[in-house]
Amino acid sequence: MNADNKKESGEVLIKVENLCKSFGDNVVLNDISIDIHKGEVISVIGPSGCGKSTFIRSLNLLETPTGGRIIFDGEDITDRGCDRRLVREKMGMVFQQFNLFDNLTVKKNIMLAPVKLKLMNKSEAEETTMKLLKNVGLEDKANMYPSQLSGGQKQRVAIARSLAMNPKVMLFDEPTSALDPEMVNEVLNIMNDLAKKGMTMVVVTHEMGFAKGVSNRVIFIDGGKIKEDGTPEEVFSNPNDTRLRDFLKSVLK
Amino acid sequence: MLAVFAIFCTFSVCVYAENTDTSGSAAESPAAASVPETEGVKSADDLTGKKIGVQLGTTGAILAEDVKDADVQKFNKGADAIMALNQKKIDCVIIDEQTAKAFVSANKNTLAILPDSFADEDYAAVISKDRSDLLKQVNTAIDEIKSSGTLNKIVSSYIPEKESDRGNYHYTQVVSQGEKLIMATNAQFPPYEYYEGGEITGIDVEIGRAIADKLGRVLVIEDMEFDSIIGAVKSGKADIGIAGFTVTEDRAKQISFSNSYANSKQVIIARIKASAVSAAESTVSSDEEEVPTFIDRLYTNFVKDDRWKYLTTGLWNTLQITFFAMVIGVFLGFLLAIIRVAHDKNGRVPVLNVIAKLYITVIRGTPAMVQLLIIYYVIFASVDINKVLVAIIAFGLNSAAYVSEVVRSGIMSIDNGQFEAGKSLGLKFSTTMIHVILPQAFKNILPALGNEFISLLKETSISGYIGLMDLTRGGDIIRSVTYEAFIPLIAVALVYLFLVVLLSAGVSRLERRLKKNER
């Protein structure tokens, strides 16, 4: 597989070994193993309920795995002694529902974590914030509250908020699924820019355009297992798995 | 058992003879001749099956139970029983003779004391059974006060043969510093103990002072509910109880009685028949017996003897209790809520969570009044502690349980995404809580919190049960001296209403401000 070539190329940032997750009797992730390399932009696709959201949420331990290991930056983060908080500082996450802090202005949303975690002082944080807001084209919204923004604007702020922590990897959990169609592109463009700058990204998405055009690796999850893993060309033009073929047929109609 | 009986017999023997003359028959016999015809109850033999009003914990209340088929209704205050009698809710009131005289003189046209008394009784002080030394000292003191004639002077100043002799003698305490002698009483029982000009005064109070002098101690008076006094003396909250206690066998099992210092009768008060009233009115109307105007009544209830001060002192205490209880309630309530949420969301602090849950269950599962009494009479039983502080602690602890559930519901109403966003940024649970969750939750729960504050303010009206003079109690004291229900009760109600309106306005203002802030 071509993907193997990629794996050789970059240093492994996240190593997932035999990851399992079940909620009671319901097995959601069943023995998932994958190496995520620095600089990779991975699209995670699959039918709804396949476990792709649980997979990405397990990476920063918002879901606690019931089996297997996750090695991030050389550290076993599933170990009991590991400080999850420190892990999460280095993994940015963008949610489907944005999850901006409703009681804080845009600027304070972004500044809160770097200042409270003493990564920056107030003026540094403010400077960084304004720079990030400029990058996402929202510097004029700095003093507004989330409720005054459109969905697309909220998601761009959420991306800026994660970037303010200077993360090693960005996790996107269906970042455009809650957006009106005309706003999807403004968010995808930001993600595209980010990919070009070499950010390691894991993106759970239904945007096949993004998966094809921007990501350099696509994994297809079905029934809690990785069924397909390869470059966009491999996965989209020559799918091996019949379930993937059905899935692609239904989404690319 | 035998010993108890022996003591009991001694009490009966040492009836104080001289006193009987002044307080009893001499003053009463002319009145007896001119008793107008009463309705409902005509004599002591006429009580069977009647509705009898008594004051809770008094001898009258105990003895009335023995009346055949009678419906005995126990009131917290004698004045309340009199009120009920006037409103025809009951047929008669059985109460101590001297108190009865005071009540009847305030209700000359409607009430009368029946000529035949219900029972005779001896008054004695109560002292804890554990303190036989003190009992001995007090007995010696009482004997000395009797033989020196001081006792007689005190009694005849309050219950004079001639009206001109009223108040011709007052005993002032000589000893001004040193160990305290805490006397528990119930200042709703004129002429033995009652409020006058903001001070508790009366026969028992002056006798208490004379006893304290003999003991070389300074008398400190604690006013409380009559039925709380024995408990207070037993628990050590007070050294001695002097409140017109009649020596009874049941009480003697609980507590030691001193030698008796006075005797009295339980008499029956009944309503004068309507026809007799008009006759009485026509004969007295030439005198100054006019129906008081509303202004007169306002004057009697608030201006005379500076009675408004009972309300202002009470209001001040109510405000202090409410404010500080709110502070404790909010602080502790938030803490409890956060403990419970930290457990429910993250599975942390399991032990604290169990404690918090237990606390909330116990506090919400028992009445605030019972909690207040437990804190005062059980937890702080042998500690000399400020009653306002006790009330603040009791109401604060109580309010915390309710506040915590309000806060918890507020926190749970915040979208889980807010918690997850905080987590995903590496923020500590506490940081997310303080900077993100609580500000949002606070805005949502403000109306419910305001509601809790309003309940708390009104709930403090039970503070009177530990003898604390709050607003309600202030009104009660006025009621007990003016024998009027309407004006003091309405006044107290209006003050509470005003406070609640003020509080609600403050809360909605805060609500608007927070809304403006965040849109």
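Reply: On a 1 Å grid over the protein atoms alone, a cavity is a set of points where a 1.4 Å probe fits but cannot get out, a pocket is an open set with protein on both sides within 12 Å along at least five of seven lines, and lining residues have an atom within 4 Å of a point. This is a predicted model, in which local features need pLDDT of at least 70 and side-chain atom pairs count only at pLDDT 80 or more, while totals for chains, interfaces and linings use all residues. Residues are numbered from 1 along each chain as its sequence is written, chains are lettered from A and ligands numbered from 1 in the order in which they are written, and side-chain values use heavy atoms, with hydrogens and water left out.

Me: Which residues line the second largest cavity, and what is its volume?
Reply: The lining consists of Gln55(B), Thr58(B), Asn186(B), Phe189(B), Phe226(B) and Ala243(B). By class these are 3 nonpolar, 3 polar and no charged residues, where Ala, Val, Leu, Ile, Met, Phe, Trp, Tyr, Cys and Pro count as nonpolar, Asp, Glu, Lys and Arg as charged, and the others, Gly among them, as polar. With grid points joined across faces, edges and corners, and a volume taken as the space filled by probe spheres set on the points, the second largest cavity comes to about 30 Å³.

Me: What is the volume of the largest cavity, and which residues lie nearest its centre?
Reply: The count is 2 cavities of 30 Å³ or more, and the largest has a volume of about 80 Å³. Its lining has 6 nonpolar, 5 polar and 3 charged residues. Of the 14 residues in that lining, those nearest the centre are Thr58(B), Thr59(B), Phe189(B), Gly244(B) and Gln266(B).

Me: Which residue is the bridge partner of Phe189(B) in E8(B)?
Reply: Helices (H or I, at least four residues) and strands (E, at least two) are DSSP runs numbered from the N terminus, and two strands pair if DSSP finds at least two bridges between them. The open sheet of 3 strands in chain B has the order E7-E8-E9 with antiparallel pairing, and strands E7 (188–189) and E9 (199–201) stand at its edges with a single partner strand each, so one side of each is left without a neighbour in the sheet. E7(B) pairs with strand E8 (residues 193–196) of chain B over 2 bridges, and in E8(B) the bridge partner of Phe189(B) is Glu193(B).

Me: Which helix supplies the largest share of the lining of the second largest pocket?
Reply: About 530 Å³ of space lies in this second largest pocket, and of its 21 lining residues the closest to its centre are Arg84(A), Arg88(A), Asn346(B), Arg348(B) and Lys423(B). The lining divides into 5 nonpolar, 4 polar and 12 charged residues. Helix H3 (84–89) of chain A, together with helices H14 (308–346), H18 (416–424) and H19 (429–459) of chain B, each supply at least two residues. The largest share, 4 residues, comes from H18(B).

Me: How many disulfides are there over all chains?
Reply: A disulfide is a pair of cysteine sulfur atoms within 2.5 Å. For Cys50(A), the nearest cysteine sulfur, that of Cys20(A), is 15 Å away, and Cys50(A) is in no disulfide. Over all chains, the count of disulfides is 0.
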